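Me: Hey, can you help me get my head around this structure? I'd like to go through it bit by bit.

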Amino acid sequence: MSPLYGLVLAGGASTRMGQDKAALHYGGRTQLANAFAMLDRHVERTFVSVRNTQQNDPTRAPFPQIVDNVTAAGPAVGILSAHATYPDAAWLVLACDLPMLDDATLAALIAARDEQHVATAFRSEHDGLPEPLCTIWEPGALEKLKSQVDGGRFCPRKCLLNIDTLILPPRTPGALDNVNTPQERAIAQRFLEDACRA
């Protein structure tokens, strides 16, 4: 199987949060630092996906980076830029705004990976569709995503629905909940505080 690299997507504008999500603190570290450290424990190499204007940002500068170099929209930019940089690697792609993600979830995703499927993803707890931003994309899946984007369709989730994706049941409740707004962040902080006290 292809080597498995990790990519934390941290190039978003964070418009709904009103501030840079990657720089938000949970448990004494930035959300980006937490995501990078967790992912790095499970893969051969780990990178942070950034826009060209973010390379020297203090939150992102300490980490190995892959700078957007593909014309696309949304998360597909970072995913395909990673594929263009290391085309023979499979990528475990992770959104940086998953503060409740745990090691058990990543371990389960990697353990399920096999040669019969071109992608491995969890099923969303909310709508039953595959979660594209905690997914293993094999090189073949990334070529399919590139073809889709070349055709003007930028949604990674739709790509997963149209290829041979192994879809797993959720491992830990809430682990893949995105935190996009101040209200959602308050809920996540209470959850994490309660988990620490338990």
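Me: How many salt bridges does a search of the whole structure find?
Reply: Eight salt bridges turn up when the whole structure is searched. Keep in mind that this is a predicted model.

Me: Okay, which salt bridge does Arg-157 form with N and O atoms 2.9 Å apart?
Reply: That one is with Asp-127, and 2.9 Å is the distance between the closest N and O atoms. The pair links distant parts of the chain, 30 residues apart. Arg-157 sits in helix 5 (residues 156-162), while Asp-127 is in the loop between strand 7 (119-123) and strand 8.

Me: And Asp-127, is that buried, partly exposed or exposed?
Reply: Asp-127 is partly exposed, with a relative accessible area of 41%.

Me: What about Glu-131, where does that meet Arg-157?
Reply: Their side chains meet in a salt bridge, at 3.8 Å from N to O. Glu-131 is in strand 8 and Arg-157 in helix 5, so this pair ties together parts that are 26 residues apart in sequence.

Me: Is Glu-131 buried or exposed?
Reply: Glu-131 counts as buried, at 12% relative accessibility. The cut-off for buried is under 20%.

Me: Which residues are linked in a network of salt bridges?
Reply: Asp-20, Asp-57 and Arg-60 are linked that way.

Me: New topic: the nonpolar core. Which residues touch the most other members of the largest one?
Reply: Leu-92, Leu-94, Leu-101, Leu-106 and Cys-134 do, out of 28 residues in that core.

Me: Which helices and strands supply at least two residues each?
Reply: On the helix side there are helix 1 (31-40) and helix 3 (103-112). The strands are strand 1 (4-9), strand 4 (45-50), strand 6 (90-95) and strand 8 (130-137). Helix 1 gives the most, with six residues.

Me: Why would residues like that end up together?
Reply: In soluble globular proteins, nonpolar side chains tend to be buried together.

Me: Can we zoom in on Leu-94? What is Leu-94 in contact with?
Reply: Leaving out neighbours within four places in sequence, the contacts of Leu-94 are Leu-7, Val-8, Leu-9, Ala-35, Leu-39, Leu-101, Leu-106, Leu-133 and Cys-134.

Me: How many residues are in the second, separate core?
Reply: That second core has 22 residues, including Ala-89, Ala-119, Trp-137 and Cys-159.

Me: Switching to aromatics. How many aromatic pairs are there?
Reply: The count comes to seven aromatic pairs. Take Tyr-86 and Trp-91: their ring centres are 6.2 Å apart and their planes are at 50°, so the pair is tilted.

Me: Which residues do ring pairs link into a cluster?
Reply: Tyr-5, Phe-47, Tyr-86 and Trp-91 make up that cluster.

Me: Back to strand 7. What does Ala-121 touch?
Reply: Ala-121 lies in strand 7 and counts as buried at 0% relative accessibility. Not counting residues up to four places away in sequence, Ala-121 touches Leu-109, Pro-130, Glu-131, Cys-134, Thr-135, Leu-160, Thr-165, Leu-166, Ile-167 and Leu-168. Glu-131 is also a salt-bridge partner of Arg-157.

Me: And Thr-120, buried or exposed?
Reply: Thr-120 is buried, with a relative accessible area of 1%. Thr-120 is found in strand 7 too. Among the contacts of Thr-120 beyond four places in sequence are Leu-109, Ala-112, Ile-136 and Thr-165.

Me: Last one: where is Thr-105 found?
Reply: Thr-105 is in helix 3, and at 1% relative accessibility Thr-105 counts as buried. Leaving aside neighbours within four places in sequence, Thr-105 is in contact with Phe-122, Arg-171, Thr-172, Ala-175 and Leu-176. Pro-58, on the other hand, is 47 residues away in sequence and 29 Å away in space, C-alpha to C-alpha.

Technical notes. Residues numbered from 1 in each chain as written. Predicted model: local features only at pLDDT ≥ 70, side-chain atom pairs only at ≥ 80, totals over all residues. Heavy atoms only, no water. Core = buried A, V, L, I, M, F, W, Y, C linked by side-chain atoms within 4.5 Å. Buried < 20%, exposed > 50% of the residue type's maximum accessible area, 1.4 Å probe, protein only. Helix = DSSP H or I, 4+ residues; strand = E, 2+ residues; numbered from the N terminus. Contact = heavy atoms within 4.5 Å. Phe/Tyr/Trp six-rings, centres within 6.5 Å; stacked < 30°, edge-to-face > 60°. Salt bridge = Lys/Arg side-chain N within 4 Å of Asp/Glu carboxyl O.
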